[in-house]
Amino acid sequence: MAEVRKQEKDFTKEVDELLQDTSALVKSESVQLSDALERLLALEKQTRNANDLPSTTRLAKAALELCYESRDYTQLNSTISLLSKKHGQLKVVVQAIVEQAISWLPGIRQEQGVEKWLELVETLRSVTEGKIFLETPRARVTLALSHYHETLSKAPNALAATIKETLQTASDLLSDLQVETYSSMERREKTEFILEQMRLLIAVARLKDAEAPAKQGKNALGSGEPEWVKAKVGGRKVNESFLKEKANEDLKLKYYDLMIQQALHQSAYLEVAKHYEKVWDTPSIKEDESKSRAALEHIVYYVVLAPHDNEQSDMLHHLFANPALEKLELHYNLVKSFVTRELMRWPGIESLYGPFLRTTPVFSVSKQWEDLHTRVVEHNVRVVAQYYTRITLSRLTVLLDLTPQQTEETLARLVVSHTIWARVDRPAGIVNFRNKRSAEDVMNDWSSDMQKLLGLVEKTWIGMNAAQAAQSRIKA
């Protein structure tokens, strides 16, 4: 592809005359389309060799225009390929004819059907392949082709194999585009492409997961785990600060919806809660009372479902201090139960919150209801570990409303995750929540306590002397 060089000659007059003559002759059917194209291409060669960019562009576009108006789409495709491969062809000319052809795609699909449309799409993809200056037009054409394959998967009479194949093709077409590296594409359009890539990857992943053997789950051969990973990587390509702009709120909501789906697949409840918090902070959501309430409810659900750690605890306490939560009485009380260092007996929690929570989309899933039970038990273990130094295993089992085996499994899990320190004496049936201290640790604590005590004594003595001195001055 030649670079733009100094123009050697101006062919404007010749081009004006030729365009006027060929247009009139073709319309009157005095000249065949092939003859008119031959005359245009002959002059195009001269303008191209003379580096007359405006004239070359006009002639190239005029040649395509004649093919399009004559409804000769086979000739249109061949002319596009021919002009783009001409020796010393200028980049601007190729860009112009590609953009002109792209503008005709919707009309051709509507008037001539899908077959002619696909032929032109494949021609444009072939012409734009490997050309950096045509990366944005190629991406737009590929997006249209991807949407076409996606519509095939939604056909009412489509077979399961066809649905999977067409949806996979649609996803692969978009995934091949590294739009995050395109400098010529606007930021918003770039983000839209990445979100489309993520959406199709998740759709393919769900389809593969549904076909994978239920027992093997994520590790099953042919499952959608690779697509889930690609969707997660795609989420990292989106600039979240860009989504904060008011003009991009629609992209922000779409992005976090996809991220929530991805996080739920991994049961990363804390990440889901964070994403819903971002949704809740969106101005358009806060203005809509029903959407704001729904987002806040989901924050509560997923933050209490998340395993306990410093980050989860911090988010839980910030949520509890949020004035907006007080309007949701049941959810406020649920968060309060997890914040307060008191036992939460599962039968009471189940009878109090179960009738409402089990009707929600979140807790209608049995796995997430079981996870809530697990979080309540873990909370109770942390409370017991705080108030008890030692406790019998039978008593702990009663407090947790579990079987002895479930109690031991819960203790083991929390000890391994370093949430608590505990040792179980099975023969004696005693759980110890305090680590045995060495003599050095005891002496260090005693020394620290004595220093504090002596400091208080010294402070008291100084205060008494000052009071006695003040009284003596008054008497004098």
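Predicted model: local features only at pLDDT ≥ 70, side-chain atom pairs only at ≥ 80, totals over all residues.
The charged end of Arg-71 sits over the ring of Tyr-68. Its distance from the ring centre is 4.8 Å.

Now go to Trp-280 and Lys-286. Here Lys-286 lies over the face of Trp-280. The distance to the ring centre is 4.4 Å. Keep both residues selected, as they return at a pocket below.

**Aromatic pairs**

Show the rings of Phe, Tyr and Trp. The structure holds ten aromatic pairs. Pick Tyr-255 and Tyr-256 from the display. They pair edge-to-face, with 4.9 Å centre to centre and 65° between the planes. The cut-off for buried is under 20%.

Next, select Tyr-301, Trp-346, Phe-363 and Trp-369. Ring pairs link these four residues into a cluster.

**Helix H7**

Select residues 135–153. This is helix H7, with 19 residues. How far apart are its end C-alpha atoms? They are 27 Å apart. At 1.5 Å a residue, the helix should span 27 Å, so the two values agree. Colour H7 by accessibility. The helix is mostly covered, with 14 of its 19 residues buried.

Stop at Thr-136, which lies in H7. Thr-136 has 5% relative accessibility, so it counts as buried. Thr-136 and Gly-113 are 25 Å apart in space. In sequence, 23 residues separate them.

**The largest pocket**

Move to His-308, Phe-338, Arg-341, His-379 and Arg-382. Of the 20 residues that line the largest pocket, these are the closest to its centre. About 360 Å³ of space lies in this pocket.

Show the helices around the pocket. Which elements give two or more residues to its lining? They are helix H16 (310–320), helix H17 (329–339) and helix H19 (366–387). H19 gives the largest share of the lining, seven residues.

Colour the lining by class. Eight residues are nonpolar, eight are polar and four are charged.

**The second largest pocket**

Return to Trp-280 and Lys-286. Both line the second largest pocket. Its volume is about 210 Å³. Complete the selection with Glu-289, Ser-292, Arg-293, Leu-296, Ala-324, Lys-327 and Leu-328, which also line this pocket. Which helix gives the largest share of the lining? It is helix H15 (residues 289–305), with four residues. Apply the class colours again. This lining has four nonpolar, one polar and four charged residues.

**A last stop: Leu-453**

Select residues 439–475 to show helix H22, then zoom in on Leu-453, which lies in this helix. Leu-453 has a relative accessible area of 44%, so it is partly exposed. The range for that class runs between the 20% cut-off for buried and the 50% cut-off for exposed.

Leu-453 and Val-98 are 86 Å apart, C-alpha to C-alpha. Along the sequence, they are 355 residues apart.

Notes
Residues numbered from 1 in each chain as written. Heavy atoms only, no water. Phe/Tyr/Trp six-rings, centres within 6.5 Å; stacked < 30°, edge-to-face > 60°. Lys NZ or Arg CZ within 6 Å of the ring centre and 35° of its normal. Expected span 1.5 Å × (residues − 1). Buried < 20%, exposed > 50% of the residue type's maximum accessible area, 1.4 Å probe, protein only. 1 Å grid on protein atoms, 1.4 Å probe; cavity = no way out; pocket = protein on both sides within 12 Å on 5 of 7 lines; lining within 4 Å. Points joined across faces, edges and corners; volume = space filled by probe spheres on them. Nonpolar A, V, L, I, M, F, W, Y, C, P; charged D, E, K, R; others polar.
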